[in-house]
Amino acid sequence: MSEVAPKDTQRLAFIDALRGLILCLMVLDHTREFFHAGAYQYDPLDLDKTSVIVYFTRWLTHLCAPTFVFLSGVSIFLQQEKGKTGWALSRFLLTRGLWLIVLELTVLDFGWNFAAPLVFLQVFWAIGISMMIMAALVWLPRHVVLALGVLIVAGHNLLDGVDQSQLNPGMQAFWRLMMQPGGLGAVPGFIAYPAIPWLGIMCLGYGLAPMLSRSENRSRNLLLLACGMIALFLILRIPNLYGNGRPWEAPANAAFTPLAVLDVTKYPPSLDYVLITIGITILLALGLERLPQNLLKPFLAFGRTPLFTYLFHLYLLHLSAIGMGLIMGVPPQDFVNFLLNSGPGGVLANAHWGLPLWATYLVWLAVLVVLYPLSSRYAAYRAKHRHWWTSYL
């Protein structure tokens, strides 16, 4: 396949900008988890305890994981457009996917915990295993992969009623890795992102990539796609027809009814969840195209160095939380085994650690200010130096 023309390359910068915007939201979510006092006391989506601003601080970050996975599928298609096809592409997807899983089990798990590894399979696992499966799927026609993505995303909720306890131990482990969240049995840890539902989103990104990368009626088609997804979400969700394992119920506070409708299942990503998040993401992409170039610079820097930015921000947040904890009289050891100590009733909750939400937003902005020059310089380095390893960091 031919190389992408320079004009197309400039136009596709909005994909990097979209990824960068979503990374900023992800940093907000993780800042909230490390710093916001409420994160240690209650679920921010619990309508009996939350406020509107806390709810949307959490809910908006629902856009992060599906967008990362969707854009990973788009990126695979764009690599084919640039000429990486056949075994060269499959080999890259296999090694890249395996590398992400290794990072999940080592650098990322330690970054969250600062302790002995706890197997916590999150979005890097989901992207990594999906890429490894895509190494085989890219040999199929694109429309077949798209159809598979639609089948998975639209159909996996039919299996919500499977009772894991009725499966034999080996099948239970496989089911949790592939279909529904759960523990790892004798191994300490948790599978938060079972692979198959997220693979469906990657297949959608791969199959729909030409709509993002080709110019003819692109904006109109994307707008129709986004509005169609959001409309289908409302049609399925409001009357609780299908697409979410947990139906919504009228909350005690009637003003929170829209929030109850929006409270869709992420673990694993339900059909309703995918429709509303990807629909909004596509609208954001269209909006980013219209921003002045100067306003896009931070998003482009983050979006062109997603793995570097992700790894660096996690350690920066964890170390900053320890430092602020020392100032507030919380001992550093309370931030060890963070994933175990940070839940309601955990050590950090009992230590009354945390900041009000407005201060949490200030920490988030400060972290972005620190990250931007680092990500910008690494993005410039990657643009000038095409080493093999820069594709993996």
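Helix 3 (residues 52-59) has V54, Y55, T57, R58 and W59 as buried residues, where buried means under 20% relative accessible area with a 1.4 Å probe and protein chains only. Helices here are DSSP runs of H or I with at least four residues, and strands are runs of E with at least two, numbered from the N terminus. This is a predicted model, in which local features need pLDDT of at least 70 and side-chain atom pairs count only at pLDDT 80 or more, while totals for chains, interfaces and linings use all residues. Residues are numbered from 1 along each chain as its sequence is written, and side-chain values use heavy atoms, with hydrogens and water left out.

**Helix packing**

- The buried residues of helix 3 pack against helix 2 (13-35), helix 11 (257-262), helix 12 (271-288) and helix 17 (357-384).
- Helix 2 and helix 12 pack with their axes 9 Å apart and at an angle of about 120°, the axes being lines fitted to C-alpha atoms over the stretch in contact and the angles running from 0 to 180 degrees between N-to-C directions.
- Helix 2 and helix 12 are therefore oblique to each other, since angles under 35 degrees count as roughly parallel, over 145 as roughly antiparallel, 65 to 115 as roughly perpendicular and the rest as oblique.
- On the side of helix 2 the contact is made by F14, A17, L18 and L21, and on the side of helix 12 by T281, L284, A285 and L288, with contact meaning heavy atoms within 4.5 Å.
- The residues of this contact of helix 2 with helix 12 comprise seven nonpolar, one polar and no charged, where Ala, Val, Leu, Ile, Met, Phe, Trp, Tyr, Cys and Pro count as nonpolar, Asp, Glu, Lys and Arg as charged, and the others, Gly among them, as polar.
- Helix 4 (residues 64-81) also packs with helix 12, at an angle of about 70° and with the axes 9 Å apart, which makes helix 4 roughly perpendicular to helix 12.
- P66, T67 and F70 of helix 4 meet Y273, T277, I278 and T281 of helix 12 in this contact, whose residues divide into four nonpolar, three polar and no charged.

- Three strands form an open sheet in the order 1-3-2, with mixed pairing, two strands being taken as paired if DSSP finds at least two bridges between them.
- Strand 1 and strand 2 are the edge strands, each pairing on one side only, and the twist averages 20° from one strand to the next.
- Strand 1 (residues 119-121) pairs with strand 3 (residues 187-191) in the parallel sense over three bridges, and F120 has F190 as its bridge partner in strand 3.
- Strand 2 (residues 182-184) runs antiparallel to strand 3 and is joined to it by three bridges, with L184 opposite V187 and G182 having I191 as its bridge partner.

**A buried loop residue**

- F335 lies in the loop between helix 14 (306-327) and helix 15 (338-341), and F335 counts as buried because its relative accessibility is 0%.
- Leaving aside neighbours within four places in sequence, F335 is in contact with N113, H318, A321, I322, G325, V330, L348 and W353.
- F335 and W112 are 223 residues apart along the chain, yet their C-alpha atoms are separated by 9.3 Å.

Notes: Buried means under 20% relative accessible area, exposed over 50%, partly exposed in between (1.4 Å probe, protein chains only).
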